[in-house]
Amino acid sequence: MANDSRPFTANAFNQYLGEHKLMGTRCAKCRGLYLPPRAICPACHSDQLEWIEMSGKGKLAAFSAVFIGPSALQAEGYDRTNPYCAGIVELDEGVKISARVLGVDAKQPANIAIGTPLTVEFIERGEGEQKKTVLAFKAI
Amino acid sequence: MHIKRSLARPSAIVGAGMSKFGAFPDKAGRDLFVEAFKEMSGSIDKGFDPKEIDEIYVGNFSSDLFEGQAHNAPIVADAVGLVPRSATRVEDACASGGVALRQGVMAIASGMADMVLVGGFERMTTLPTAQVTDTLAAAGDTLFEIPAGFTFPAFYAAMASAYMHQYGLKPEHLMHVALKNHANGALNPKAQFGVTIPAWMQGRIETAKKKNKPVPSWQNEWDFLHDDAANPMVAWPLRLFDCSPITDGAACVLLVAADRAKEFTDNPITIIGSGQASGMPLHNRAELTSIGAAKVAAQQAYEMAGITAKDIRIAEVHDCFTIAEVIASEDLGFFAQGTGYGMAEDGVTARDGAKPINTSGGLKSKGHPVGASGVAQVIEVWKQMRGEAGARQVKQDVPLALTHNVGGTGQTCAVHVFERK
């Protein structure tokens, strides 16, 4: 269990990412597991949640090879000739999350298989105040 | 959760109009709204007095970012001479128009209004494509989805990838959806890309000849659609012709209490079912090959109308991407899950098929001015039900029709059922 006192916010989730931890929340009452983290349990409406670290292991549930990206990814050098893969990853715990998908050939998307085993990665971007960590998964 | 599924006082549509859809650098969003309002006013068979309008609901996604103009409902109300009436902007991304319609239905059902103007507009071509992509991405979850690199085409592409894996869809099935919707749009004078794909291809060949450029070697539309230069990949498996365009446009309908409809026309179209539901971001859904909010909204609308999916004769569904039409046709119960993808190829959803879908050309060919799209769908069913759809009029009689308007990846869906009484 990590530092329990952090609020159940995206900011705290991103802080954990910076520490290379993928964190979800679990309902203390009904044991429902949530990723991204939630402050209120949608199953039983309890607000008694706790942070819980995910295994970081999962498989590819859905994806796209993106040839026309948002400006942020264009700035990283991705374009029509250099696509990237964005995906939805289903973790071994059963929850899913959106993430960059690495270790697959985005130029040959027809060869990327749903169900590909993946493990969590943390992409570091920027420096100092601008520093942020982007969630990714890599094909094993 | 219990939702009271009956209307204390139903609404009827007595007028409908829209601007041309396209790219209009010389017009502001409000100018397009005025065009739609004028056409709507002219469509009311027995005329009306605009002073009778009690309420205005305007669907708009983001004039804030597209035009630097927030707080746009009073502005468009003023543009059509309706100040000081209550004017409310409705924003639920691409479902803004359908949700605005539902607000109008509720205003009349509540007894607070007899006559409501429901409209929508979006002026999108103000921004370059990359910034439009960023602006539309704001309709996703900007904290947890967008950092992963998702764009709107990528979200629907991801749904398509799951659908392909589960049910055996091929990209060619999606191309059939595009071919059908462009064939319909070619008969719609308001469409942005009102041209069939074979005619589009021929146009490209002729332009190349005229300019003494290398003439493409496409033998048919399939060569064209598989050509990475002519039909580039946007977000695999979706290519350019799987995506709805960036569009400027506006649409308006006039709702009145159904018990007063005959004062305005002998052919009103009554709204007998209205449903709306919300959904989680894509990654939090149990199923990636359907949109839960659409199923819930459809169920509500069918239940209120006292009908089933079988009774619906035609539907305008939210084909922001070709895969979205396939998923919509299943979510609405027209086809069993995992079987909708072959319906365009088999002609079932064609204009002369058993279940015509998107006779207007859909968002794909008609254009997708985000906030206006849900209202423009209503205009098509209004025309088809009244036998006023011209060259694209379906042959069968249309006593019952449906509109399906989705916001985001399905975080919002509004479904309406219409009856010609």
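Student: How many residue pairs are in polar contact between chain B and chain A?
Tutor: There are 10 such residue pairs, both partners at pLDDT 80 or more, a polar contact being a pair of N or O atoms within 3.5 Å, where within protein one must be able to donate a hydrogen and the other to accept it, and residues adjacent in sequence count only if both atoms are side-chain atoms. This is a predicted model, in which local features need pLDDT of at least 70 and side-chain atom pairs pLDDT 80 or more, while totals for chains, interfaces and linings use all residues. Residues are numbered from 1 along each chain as its sequence is written, chains are lettered from A and ligands numbered from 1 in the order written, and side-chain values use heavy atoms, without hydrogens and water.

Student: And how many salt bridges between chain B and chain A?
Tutor: The count is zero, taking a salt bridge as a side-chain nitrogen of Lys or Arg within 4 Å of a carboxyl oxygen of Asp or Glu.

Student: What area is buried between chain B and chain A?
Tutor: About 2,500 Å², with carbon and sulfur atoms giving 65%; this is the accessible area (1.4 Å probe) that the two parts lose on being put together, summed over both.

Student: Which three residues of chain B supply more of that than any other three?
Tutor: Phe144(B), Trp236(B) and His283(B), which supply 27% of the area that chain B buries against chain A.

Student: Switching to strands, what does β5(B) join in chain A?
Tutor: Two bridges join β5(B) to strand β4 (residues 57-66) of chain A, and the strands run antiparallel, with Val66(A) opposite Ala235(B). Strands here are DSSP runs (E, at least two residues), numbered from the N terminus, and two of them pair if DSSP finds at least two bridges between them.

Technical notes: Helix = DSSP H or I, 4+ residues; strand = E, 2+ residues; numbered from the N terminus.
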